[in-house]
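Thanks for coming, everyone. Please look at the screen, and I will walk you through one chain.

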Amino acid sequence: MDTETDRGYKMYRKIMVPVDLAHTDSLGNALQVAADLSNHYDAPIVYVGITTSLPGPVAHNPEAFTRKLNAFAEEQASRHGITGEARTYISHDPARDLDTTLMKAIKENGVDLVIMASHTPGMAEHLFASNAGYLAQHAPISVFVIRS
């Protein structure tokens, strides 16, 4: 079969997956889609996590958070037979800065696709834009939002 990838064209060259280490159980669908596209296009995945410099529910400091995110990326790469890496971003207020930090990560990591988990929209999304919705609307690249 003569596909675009057979001729050397790669629709996606690097994929970014935002990861909330406190809620990895809800990322299954997004992680699987990312792995499938990574395998199809031979595109590495960068798993992006955002933490604070203060102790939190996932880790006591940014170094411990980075170790956990690296282990997560290694486990995903091994499980799916892909190339994966982790990038930690530190924010004073991750909830408030999430959109800005993810936009920064897109630029700094040279990705051309974001695959992001999202929950089913509810009343809150009618009042406040979701992070996935914001990224899909404002990112200069494709954003694939996967509902969990």
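Start with valine 114: its relative accessible area is 0%, so it counts as buried. Buried means under 20% relative accessible area, exposed means over 50%, and partly exposed lies in between, with a 1.4 Å probe and protein chains only.

A word on the source. This is a predicted model, where local features need pLDDT of at least 70 and side-chain atom pairs count only at pLDDT 80 or more, while totals for chains, interfaces and linings use all residues. Residues are numbered from 1 along each chain as its sequence is written, and side-chain values use heavy atoms, with hydrogens and water left out.

Back to valine 114. It sits in strand β4. Helices (H or I, at least four residues) and strands (E, at least two) are DSSP runs, numbered from the N terminus. What does valine 114 touch, leaving aside neighbours within four places in sequence? Its contacts are Met16, Pro18, Ile106, Leu135, Ile141, Ser142, Val143 and Phe144. Contact means heavy atoms within 4.5 Å. Valine 145 is 31 residues away in sequence, yet 8.2 Å from valine 114 in space, C-alpha to C-alpha.

Now the strand itself. In β4, 5 of the 6 residues are buried, so the rest of the structure largely encloses this strand. Strand β1, residues 15-18, runs parallel to β4 and is joined to it by 2 bridges. There, methionine 16 stands opposite valine 114. Strand β5, residues 142-147, also runs parallel to β4, with 6 bridges between them. Leucine 113 faces serine 142 of β5. For pairing, DSSP must find at least two bridges between two strands.

Step back to the sheet. In what order do the 5 strands lie? They form an open sheet, β3-β2-β1-β4-β5, with parallel pairing. β3 (84-90) and β5 are the edge strands, each pairing on one side only. From one strand to the next, the twist averages 25 degrees. Axes here are lines fitted to C-alpha atoms, for helices over the stretch in contact, and angles run from 0 to 180 degrees between N-to-C directions.

Two helices next. Helix α1, residues 28-41, lies across β1, β2, β4 and β5, at about 160 degrees to β4. Helix α3 lies across β1, β2, β3 and β4, at about 150 degrees to β2.

What about histidine 80: which helix holds it? The helix is α2, residues 62-80. Histidine 80 has 17% relative accessibility, so it counts as buried. Beyond four places in sequence, histidine 80 contacts Gln32, Ala35 and Asn39.

Now the whole chain. It has 5 helices and 5 strands. Along the sequence they follow the pattern β-α-β-α-β-α-β-α-α-β. Of its 148 residues, 41% count as buried. Among contacts with a separation of 6 or more, 75% come from residues 24 or more positions apart.

Last, the largest pocket. Its lining has 34 residues, and Val19, Asp20, His23, Leu98 and Asn131 lie nearest the centre. A pocket is an open set of points on a 1 Å grid over the protein atoms alone, where a 1.4 Å probe fits, with protein on both sides within 12 Å along at least five of seven lines; lining residues have an atom within 4 Å of a point. β2 (45-51), α3 (94-109), β4 (113-118) and α5 (131-138) each supply at least two residues of the lining. That brings us back to the strand we started with.
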